[in-house]
Amino acid sequence: MAVRKSKIPDTWAKRETAANQNSKTARERIKRDLNRDRSALVQQTDINAFTVYAQGSYKNYTNTRGSSDLDLIVQLRSPWKRDLSDLTAKQRERYHDENSPADYGYDDGFRNSVVQALQQYYRESLLKDPIDNSGKAIEISGPHNPLPIDVDVVAAQEYRIYHTYPEDGNPEYTEGMMFKPLMVDEWWVNFPKEHYQNGNAKHDNFRETVRMFKNARDHYNDNHWFTLDTPSYYIECLVYNIPDHVLKTTDLTDRFDDVLSWFERDSTDLANFDQVSEMEALFGDENTQWNTDAAEKYIETMREMFDDL
C-alpha cells in the first residue's frame, strides 16, 4: 500500500515560540507602568478601577510566525456597562437599588487617560513617539518603540450580562468588554475571557489546527498576486465550529483535508456557526461579525491550495 505524501509541514502547526517571551515582557512592563502611582491613568481613575490583560493569538496560543502584535486590553472595571434583560422585574429593581450611577465612566476620557499614561513612559519626545492613537486600538510600534514587540492596546469598559441578581448570595453574570473605536460613535462588544475558556475546552488539537489554517493562508498569500485578507480571528472561529471527532485526527495532512471536507459537506450550514465565545453568531451584520461569502471564498481557496501542494 502506497504511503500518502505529507503535504502540510509540521511548522504550520507550531507556535512561534521566539516571540512569546517578548510578548510576556511587554505585557508585564505595560501593566507595571500603567499601575504606577504617578501614571496619568491612576491619577484620573484609581489603581483598583481598571485591569490590564491580554487577548488575541498570544493569549489564546494560536500565534504563528506572522503574529507580530500583542493585543492588550486596559479595561475600566468600575463603573461597568450592563444588560439586565435576563432578570426578573424584581431582580432589576434590586440591581438599581444596590448600584448607584458613577461619577466617572468610559466617555469621560478613559481612552485619553490610557494614551497619556502610555506617552508618559514610552514617548521620548514629539519626534520620537511610538504611540498612534488614530485607529480602533492604541498602537505602540515603529522605530522608537522601547518595547520588544509591537502592541495594540484597546481601552475598554467592563460589560456584564446579568443572569441572576438574588437577594442573598452573589449575582451571576457573563463578563465581556465594550469599547468605541476612535471617531466612531458605536460600541463594539467582545467576550475575550469566554473566548479563552471555550478554546481551552475544545480538543487538544484545536489550537494547533487554527495555526495550520492561519499558516496556510499566509503560504497562499506568499505565492499569489491576489491575496486573501481573511482575519486570523475569523479563521479561529471557523475552526472552533469543527467537531472534536474531526479535530482528533493525528496526521496533519489528513486533518487539514478532513476539516475542509467537513466544511464542504452539504449538511454544513455556516449560518449556524458561533464565535469562539459562543456569545454571538459568527455571521451577521453586526460590527463584530463576518460574512458567509468571505468564509466560503477562504474555504474554497484553501481547498485549491491543498490540492496543488
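With a relative accessibility of 33%, Tyr-61 counts as partly exposed (buried is under 20% relative accessible area, exposed over 50%, and partly exposed in between, using a 1.4 Å probe and protein chains only). Tyr-61 sits in the loop between H3 and E2; helices (H or I, at least four residues) and strands (E, at least two) are DSSP runs, numbered from the N terminus. Its phi is near 60 degrees, which is a positive value in a residue other than glycine.

Before going on, a word on what you're looking at: this is a predicted model, where local features need pLDDT of at least 70 and side-chain atom pairs count only at pLDDT 80 or more, while totals for chains, interfaces and linings use all residues. Residues are numbered from 1 along each chain as its sequence is written, and side-chain values use heavy atoms, with hydrogens and water left out.

Most residues other than glycine have a negative phi, and most peptide bonds are trans. Met-183 has a positive phi too, about 70 degrees, and is not a glycine. You'll find Met-183 in the loop between E6 and E7, and with a relative accessible area of 79% it is exposed.

Then there's Pro-79, whose place is in strand E2. The peptide bond that leads from Ser-78 to Pro-79 is cis, with omega near 5 degrees.

Is Asp-33 buried or exposed? At 4% relative accessibility, Asp-33 counts as buried. It belongs to helix H1, which covers residues 18-34. Setting aside neighbours within four places in sequence, Asp-33 is in contact (heavy atoms within 4.5 Å) with Ser-39, Tyr-121 and Tyr-122. With Tyr-122 there is also a polar contact from side chain to side chain, at 2.6 Å. A polar contact is a pair of N or O atoms within 3.5 Å; within protein, one must be able to donate a hydrogen and the other to accept it, and residues adjacent in sequence count only if both atoms are side-chain atoms.

Arg-36 also makes a side-chain polar contact with the side chain of Asp-33, at 2.9 Å. Arg-36 lies in the loop between H1 and helix H2 (40-44) and is partly exposed, with a relative accessible area of 36%. Not counting residues up to four places away in sequence, Arg-36 touches Val-42 and Tyr-121.

## Helices H10 and H11

How do the lengths of these helices compare with what's expected? The expected span is 1.5 Å times one less than the number of residues. The 13 residues of H10 should span 18 Å at 1.5 Å a residue, and its end C-alpha atoms are 18 Å apart, which agrees. H11 (residues 292-308) has 17 residues and reaches 24 Å from its first C-alpha to its last, close to the 24 Å expected.

At the start of H10, a side-chain oxygen of Asp-251 comes within 3.1 Å of the backbone nitrogen of Thr-253. Asn-291 caps the N-terminal end of H11, with a side-chain oxygen 3.3 Å from the backbone nitrogen of Asp-293. The buried residues of H10 include Phe-256, Leu-260 and Trp-262, and those buried residues pack against H7, H8, helix H9 (244-247) and H11. Among the buried residues of H11 are Tyr-298, Met-302 and Phe-306; its buried residues pack against H7, H8 and H10.

Rolling a probe the size of a water molecule over the atoms shows where empty space is left. The largest pocket has a volume of about 1,000 Å³. It is lined by 36 residues, and Gln-55, Gly-56, Asp-71, Lys-136 and Tyr-233 lie nearest its centre. H8 gives the largest share of that lining, 4 residues. The lining divides into 11 nonpolar, 16 polar and 9 charged residues.

The second largest pocket holds about 350 Å³ of space.

As for the terms, on a 1 Å grid over the protein atoms alone, a pocket is an open set of points where a 1.4 Å probe fits, with protein on both sides within 12 Å along at least five of seven lines, and lining residues have an atom within 4 Å of a point. Grid points are joined across faces, edges and corners, and a volume is the space filled by probe spheres set on the points. Ala, Val, Leu, Ile, Met, Phe, Trp, Tyr, Cys and Pro count as nonpolar, Asp, Glu, Lys and Arg as charged, and the others, Gly among them, as polar.
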